Amino acid sequence: MFRLVSATDNEGRAMMDTFNQSCPKGHFAQSWMWAGVKDNWQNAGVLSLDDEGKVRGALLLLFRKLPLGLSIMYAPRGPVCDVHDKAVLTDLFDGAKALAKKHGSYVFKIDPDVLSSDEEFIETMKGFGFRLPENSKNFEGIQPRYVFRLNVENKTEDELLQSFESKTRYNLRLSTRKGVTVKYFPGDQPIPDEELDAFSHLMDTTGERDRFIVRGRDYFKKLLEVMGANARLYMAYADGERIAGTVALHYGDKVWYLYGASSNEKRNLMPNYQLQWEMIRWSLAENCRIYDFRGVSGDLSEDNPLYGLYRFKKGFNGDFCEFVGEFDLEYRKLTARMMDLAQKTYRKLRYLKRMGKN
C-alpha cells in the first residue's frame, strides 16, 4: 500500500528521510532538505509500506507549475527502493499518479540511480508505460547521465592515493609543493560573505570560459544553508588569493561533488586536484561507500570540448557509469509532446542568448 506525504506531514517526511539515508539507492535529491533548496517547485512524497507498516520504498516528487493549471511532476534520482520489486514500484507510481491528478501534471519525469545495463529495470519501466530516454551523450538531461563514481568503502587514504593514475598523483603533489591550501566551510555555520562572493565570481569566470550557464550567489547561499551540515563550501588559496572552489554534499553513504569553479590565473598550480582530494577525504571520514564526481560527457572522443573534464575525473580511477537516463510517463500525450518541443526550443534560445554575450 502507499501513503502520500505532504510538506506538513512531519512524521511522513521523517520516515522518508530515514529510509532514504539507509537505502543503497538513497540520494540527496530525494531528501526533504533538497526539496527546501528547490522551493520554487511544489513538493510531495509517496511511501510504499508493507503489511506491517514498514517502509520499503520512497519517492520525493517536485512539481513545476505552468500556465493553464498544468505542471511537470519530477522525481530527481528516484525512486529509492529495490528497483526490481514491482510491488513497491506499483505503490510508488500509483501514489505519484494520484498526486499528478491533484497538481494537474501532464507528465511524470524520472531519472533513477540505475545503470543503463539493467535491462530488467528498463523492461519493467516499459511495462508501467514509461517512454524510454533519448540517447543523449552530453548534458541534455536534468541530471547527468554519465558520471564517475569512486568506491571508497573500507579504503584508507594511502590505498586510494595509490589507486590514482600517476599523473593525478603528480599533480596533487605539485599543488601541495606550490603552496596551495584548502579550507572548507560547513553549511550549518555562518559562511563569510567574502568566501561566497569569491566562489560566485569564480563560477561566473568558469561559466564564461567553458561556455555554460551558472547559478547565482543567492542560490549557493541557500543550498549551503538549507543542506546545513550535509553541505560544504571548499576554497583553494595561493599567495593569499582565492583561486578555485567547490561545493560538496554528504547524504547517506555517499558524498557528491556538486559544483566546481576556478580562476583563469594560476591554473598551473593544480588547485582542483587538491580540492577533489579533500572532498574524497570527507567521504572517508563519514564512512561512505561512494564518492561521486558527478557528470562527464558520454562522447569520449578527444576532439569533444568536454573531453578534458572526462580526463581529469578519470585520473582518480573511479568507475565510469552510464545511467538509464530520463523516463517520461505521459498522462496527456499530445500536451506532453507540445510542451516538450516548446521547452527544448526555449532552452536552446536561452543558451544562444547567453553565448552571444560572451
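Modeller: One aromatic cluster is formed by Phe164, Tyr273, Trp277, Tyr291, Phe293, Phe312 and Phe316. The model is predicted: local features need pLDDT of at least 70, side-chain atom pairs count only at pLDDT 80 or more, and totals for chains, interfaces and linings use all residues. Residues are numbered from 1 along each chain as its sequence is written, and side-chain values use heavy atoms, with hydrogens and water left out.

There are 27 aromatic pairs in the structure. One of them joins Phe93 and Phe108 edge-to-face, with 6.0 Å from centre to centre and 75 degrees between the planes. Rings of Phe, Tyr and Trp (its six-membered ring) pair if their centres lie within 6.5 Å; planes under 30 degrees apart count as stacked, over 60 as edge-to-face and the rest as tilted. Because Phe93 belongs to helix α3 (residues 86–103) and Phe108 to strand β6 (residues 105–110), this pair ties together parts 15 residues apart in sequence. Helices (H or I, at least four residues) and strands (E, at least two) are DSSP runs, numbered from the N terminus. Both Phe93 and Phe108 are buried; this means under 20% relative accessible area, with exposed over 50% and partly exposed in between (1.4 Å probe, protein chains only).

The pair of Tyr307 and Tyr310 is tilted, because the ring centres are 5.6 Å apart and the planes stand at 40 degrees. These two tyrosines share helix α10 (residues 307–314), where they are 3 residues apart, about one turn of the helix. Tyr307 is buried at a relative accessible area of 16%, and Tyr310 is buried at 11%.

Charged groups also meet rings. The charged end of Arg215 sits over the ring of Tyr219, 4.2 Å from its centre, and Arg232 lies over the face of Tyr184 at 3.7 Å from the ring centre. The criterion is that NZ of Lys or CZ of Arg is within 6 Å of the ring centre and within 35 degrees of the ring normal.

As for the strands, 8 of the 9 residues of β11 (residues 254–262) are buried. Strand β10 (residues 241–251) runs antiparallel to β11, joined by 8 bridges; strands pair if DSSP finds at least two bridges between them. Within this pairing, Ala244 stands opposite Ser262. With strand β12 (residues 290–295), β11 pairs in the parallel sense over 3 bridges, and Lys254 has Ile290 as its bridge partner there.
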